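This briefing concerns the fold of a single chain and is organised by topic. Please consult the sequence and the structure shown below alongside the text.

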Amino acid sequence: MFDLVIRNATLPDGRQGQDIAVSADTIIAVEPGIDAEAGRVIDAGGLLVSPPFVDPHFHMDATLSLGLPRMNVSGTLLEGIALWGELRPTLTVDALVERAVRYCDLAVSKGLLAIRSHVDVSDPALVTVEAMLEVRRQVAPYLDLQLVAFPQDGYYRGPGIVEALERALDMGVEIVGGIPHFERTMGEGTASVEALCRIAADRGLRVDMHCDETDDPLSRHVETLAAQTIRFGLQGRVAGSHLTSMHSMDNYYVSKLLPLIAEAQMAAIPNPLINMMLQGRHDTYPKRRGLTRIPQMMEMGITVGLGQDCVMDPWYSMGTGDLLDVAHMAVHATQMGSMADKRALFDAVTVNSARIMGLEGYGLDVGCKADMVLLQARDPAEAIRLRPNRLAVIRRGRVVAETAPETSRLALDGRPQVVNPAEYAPRHGI
Ligand SMILES: [Zn+2]
């Protein structure tokens, strides 16, 4: 007798007709034709069951603050940072917690069950840190939230930020952040990368820096981050977020840089939605896309996870909490349109990001935690194309969100009465 059995699922690796049996919070069996009683049975009807979506780059302290205290008129990163600076003194723990927990409701409904959030530590009062620690505690039963100590204003640019970052780590924030391209000079950016990697090494923590989020091809802090990763023995524990300057770098330089990133076992976290919006702002025409070199990195064996960065905040007025929106944009912006490309980008919003976050028991193997999502789509490529309804979201063996399938009624003579968007992909030649 199992607590839950999902019947006739297609898995992201292409296996079809699989049953998934769950006892308590753990996957006990994954095979066709499991013949046993269960407390609850879900018929997947041949649709895709995936491990949950993972967002490795987010700003939970800013989410849903769109319009406070005013809108970002230019739409630029710099006005966003200035606007956040205006909003920050007015923030309260209660309002921050309320917005963040409300956002997590939306995330869960989209099958997004793990988030790494940067938390601004630029104001030494650390109201943001206090609030996000409370959010992490409140959502823990249904969502894994990791926190990064992030000096938004620059590690060396404001009074008390160096001390505030260490204090945030003392309070329970578990990852060291940074923003070297926003320090006053290239030299101070370099020094910040070294100092922050040293803190991570001393404390045994991971590193995730906003790195080179600029169109300046000479913003090369990614090189320093990779080198310091190796120097401090942090291989496999460091991620570079954004890395958009790599879009504009000289190809010869990149041919040396990519192997260094791979040697450092550094992960990359591009954020296609926000960076398609923010980059290329100083260009006239042609305008650069400004997204980092995702296919080249994947070819080098570098782990790439895709993040949202922002949902309805001073930097980005869009966003839905759906990592498939992110993958959908990545397909277009990187021209990764083959079936293999789309499968790789589906991995980038699931398993790759789970690896970057170091999530334990993630996946659909026997012994993994029973966290999964049933989608109204046949396979990962279709999931990205359709961004379909999440029919069931399961956390530790319990259904925590359900959405009815999307169908439309047609009133056309001689045509079908019902349209199900998941049934339209041609099956031939794939
Ligand atoms: Zn960010």
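Of the contacts in the chain between residues at least 6 apart in sequence, 75% join residues at least 24 apart. These values come from a predicted model. In this model, buried residues account for 51% of the 430 residues in the chain.

**Overall dimensions**

- The chain contains 14 helices and 17 strands.
- Its radius of gyration is 22 Å, close to the 22 Å that the globule rule gives for 430 residues, so the chain is as compact as a globular protein of that length.
- The C-alpha trace of the chain extends over about 65 × 45 × 45 Å along its principal axes.

**Nonpolar core**

- The largest nonpolar core comprises 126 residues, of which Ala 149, Ala 327, Val 349 and Leu 374 touch the most other members.
- This core lies between domain 1 (2-51 + 363-423) and domain 2 (53-357), because both domains give residues to it.
- When neighbours within four places in sequence are left aside, Val 349 is in contact with Phe 53, Val 54, Leu 306, Leu 323, Leu 324, Val 326 and Ala 327.

**Open sheet E5-E13-E14-E15**

- Four strands, in the order E5-E13-E14-E15, form an open sheet with antiparallel pairing.
- Strand E5 (49-50) and strand E15 (398-402) each have a single partner strand and stand at the edges, so one side of each is left without a neighbour in the sheet.
- E5 is joined to strand E13 (residues 372-375) by two bridges, and these two strands run antiparallel.
- Val 49 has Leu 374 as its bridge partner in E13; Leu 374 is also among the residues that touch the most other members of the largest nonpolar core.

**Helix H4**

- Ala 164, Leu 165, Ala 168 and Leu 169 are buried in helix H4 (residues 161-171).
- These four residues lie on the same side of H4, because they cover an arc of only 140° around the axis.
- Glu 163 and Asp 170, on the other side of H4, are exposed.
- The packing partners of the buried residues of H4 are helix H3 (127-139), strand E8 (144-150) and helix H5 (186-203).
- Gly 172 follows H4 and has a positive phi, near 125°.

Note on methods: Residues are numbered from 1 along each chain as its sequence is written. This is a predicted model: local features need pLDDT of at least 70, side-chain atom pairs count only at pLDDT 80 or more; totals for chains, interfaces and linings use all residues. A residue is buried if 20 or more other C-beta atoms lie within 10 Å of its own, exposed if 12 or fewer, and partly exposed in between; C-beta atoms are placed from the backbone. The arc is that of the directions from the helix axis to the C-beta atoms. Two residues are in contact if their C-beta atoms, placed from the backbone, lie within 7 Å. A nonpolar core is a set of buried Ala, Val, Leu, Ile, Met, Phe, Trp, Tyr and Cys residues joined through C-beta atoms within 7 Å. Domain bounds come from an automatic or database domain assignment. Two strands pair if DSSP finds at least two bridges between them. The radius of gyration is taken over C-alpha atoms; the globule rule is 2.2 Å times the number of residues to the power 0.38.
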